Amino acid sequence: MAGPVTPVEPEAALRTTHVNRSPDVDEATKLAMRHDAQKPPESDPPPSVGAPLEPQAISSSSDRLRAVYLLTSEFADDELQTAITSPPGSHADANSPSLHTEPVDRPVLLRMDGVQAGEVVSLAILPCFIGRHPSCQVLIDDAGVSRRHAKIILQNDEFWLEDLGSRNGTFIDGRRLERKRLHDGVLIQVGLHASFRFTVVSARQEKLLRELYESSTRDALTGLYNRRHFDDRVKAELAYAKRHSLDVGFVMIDVDFFKRVNDTYGHAAGDAVLKHVAASLARQLRTEDVIARVGGEEFAILLRGIGCEGARRLAERLRTNIEALPIAADGIPIAVTISAGCSALSETEDNSPKSLSSIADQRMYSAKRAGRNRVVAS
């Protein structure tokens with residue numbers, strides 16, 4: 001009887017070496033190759049080309065970069081070179097799209113650093129400007145990036161990257177440039193920190209890359225940002241506020257009596273309530289505001305350039321709108337209310353994310369103790 005099978009850890013699986021099983025290899029060579037395959041690697045190599053992709057498991061910047069590597073390297077090349085044929089005996093139409101390789105004609109930039117690692121930027125409209133100015137198609141919120149730092153153009157069916165006299169330079173594969181033709185797979189550095197990979201993909205690959213990024217940053221039920229991504233964004237926003245001498249508002253929100261909704265109407269109704277609240281909150285925010293689902297029925301909002309009083313006014317407006325719009329679950333109207341607590345960076349002693357969220361959290365619980373369906377900001 002065969003012994004128990006030892007499970008293979010995912011990282012170990014990625015490092016597995018494929019042994020050549022050609023019948024022309026003698027036994028001594030096979031033995032040596034098997035010995036080499038069992039050696040632990042001296043350092044982590046690039047992920048295996050054949051490793052499966054699980055979008056729901058992508059939960060960090062490093063995971064996203066691994067997925068980007070898989071989708072835009074040898075895996076993609078091999079897939080595009082593979083002929084798609086009909087099964088023996090079938091009579092598929094020779095003009096069917098399924099019998100032809102999908103065109104690889106979509107230039108994109110893949111963000112390779114920071115909170116946005118894995119983000120896909122389409123280059124469908126050229127020229128494409130890169131910089132800190134709001135008019136740039138690739139907007140980079142980094143003090144080391146010039147307002148109009150660089151641009152990508154199409155010339156004679158070739159893509160070119162041009163530096164626009166930036167202070168900290170534009171680089172390809174580590175070399176500073178003034179103007180250089182882009183090849184598939186090159187690494188672009190803009191300023192001191194921001195980096196991208198230029199690649200040309202098919203429509204399906206672009207869609208999958210976007211789905212991977214979304215799955216790693218979004219809450220599956222509500223579509224809002226998840227807690228991990230929100231925490232990263234808070235750090236980035238506080239750094240931005242420090243550079244520009246801005247205040248930052250914070251609102252913590254809890255759905256009142258949510259357990260009662262689940263117990264009375266069922267979990268499907270509870271999910272409907274959460275989606276309803278999330279959509280109502282997101283609809284009333286600015287583009288630069290950041291909202292996330294940070295707990296079962298808890299939401300957090302980060303407000304750039306807004307103090308505590310501004311955060312209170314917004315929270316009161318959100319509360320009023322949600323109270324006025326009950327939702328229907330299986331035809332049964334369910335009244336929904338929220339309690340909120342507000343804080344601002346200027347109220348904290350150490351300007352830390354923990355202090356900012358802790359003050360808002362305490363005030364939210366004060367609102368609940370005071371009877372719920374209210375906002376507390378002091």
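Reader: What makes α6 stand out in the lining of the largest pocket?

Author: The helix α6 supplies 8 residues, the largest share of that lining, where a helix is a DSSP run of H or I with at least four residues, a strand is a run of E with at least two, and both are numbered from the N terminus. This is a predicted model, in which local features need pLDDT of at least 70 and side-chain atom pairs count only at pLDDT 80 or more, while totals for chains, interfaces and linings use all residues. Residues are numbered from 1 along each chain as its sequence is written, and side-chain values use heavy atoms, with hydrogens and water left out.

Reader: By class, what residues make up the lining of the largest pocket?

Author: The lining has 16 nonpolar, 9 polar and 16 charged residues. Here Ala, Val, Leu, Ile, Met, Phe, Trp, Tyr, Cys and Pro count as nonpolar, Asp, Glu, Lys and Arg as charged, and the others, Gly among them, as polar.

Reader: Why is the pair of Phe230 and Phe250 called edge-to-face?

Author: Rings of Phe, Tyr and Trp (its six-membered ring) pair if their centres lie within 6.5 Å, and planes under 30 degrees apart count as stacked, over 60 as edge-to-face and the rest as tilted. Phe230 and Phe250 are 6.0 Å apart centre to centre with 65° between the planes, so the pair is edge-to-face. Phe230 lies in helix α6 (residues 227–244) and Phe250 in strand β12 (residues 248–255), so the pair ties together parts that are 20 residues apart in sequence.

Reader: How do you know that Phe230 is buried?

Author: Buried means under 20% relative accessible area, exposed over 50% and partly exposed in between, with a 1.4 Å probe and protein chains only. Phe230 has 2% relative accessibility and therefore counts as buried, and Phe250, with a relative accessible area of 2%, is buried too.

Reader: What makes the charged end of Arg179 count as sitting over the ring of Trp160?

Author: A charge sits over a ring if NZ of Lys or CZ of Arg is within 6 Å of the ring centre and within 35 degrees of the ring normal. The charged end of Arg179 sits over the ring of Trp160 at 4.2 Å from its centre, and the charged end of Arg260 sits over the ring of Phe257, 4.2 Å from its centre.

Reader: How do you know that β1 pairs with β11?

Author: Two strands pair if DSSP finds at least two bridges between them. Strand β1 (residues 104–111) is joined to β11 by 7 bridges, so the two antiparallel strands pair.
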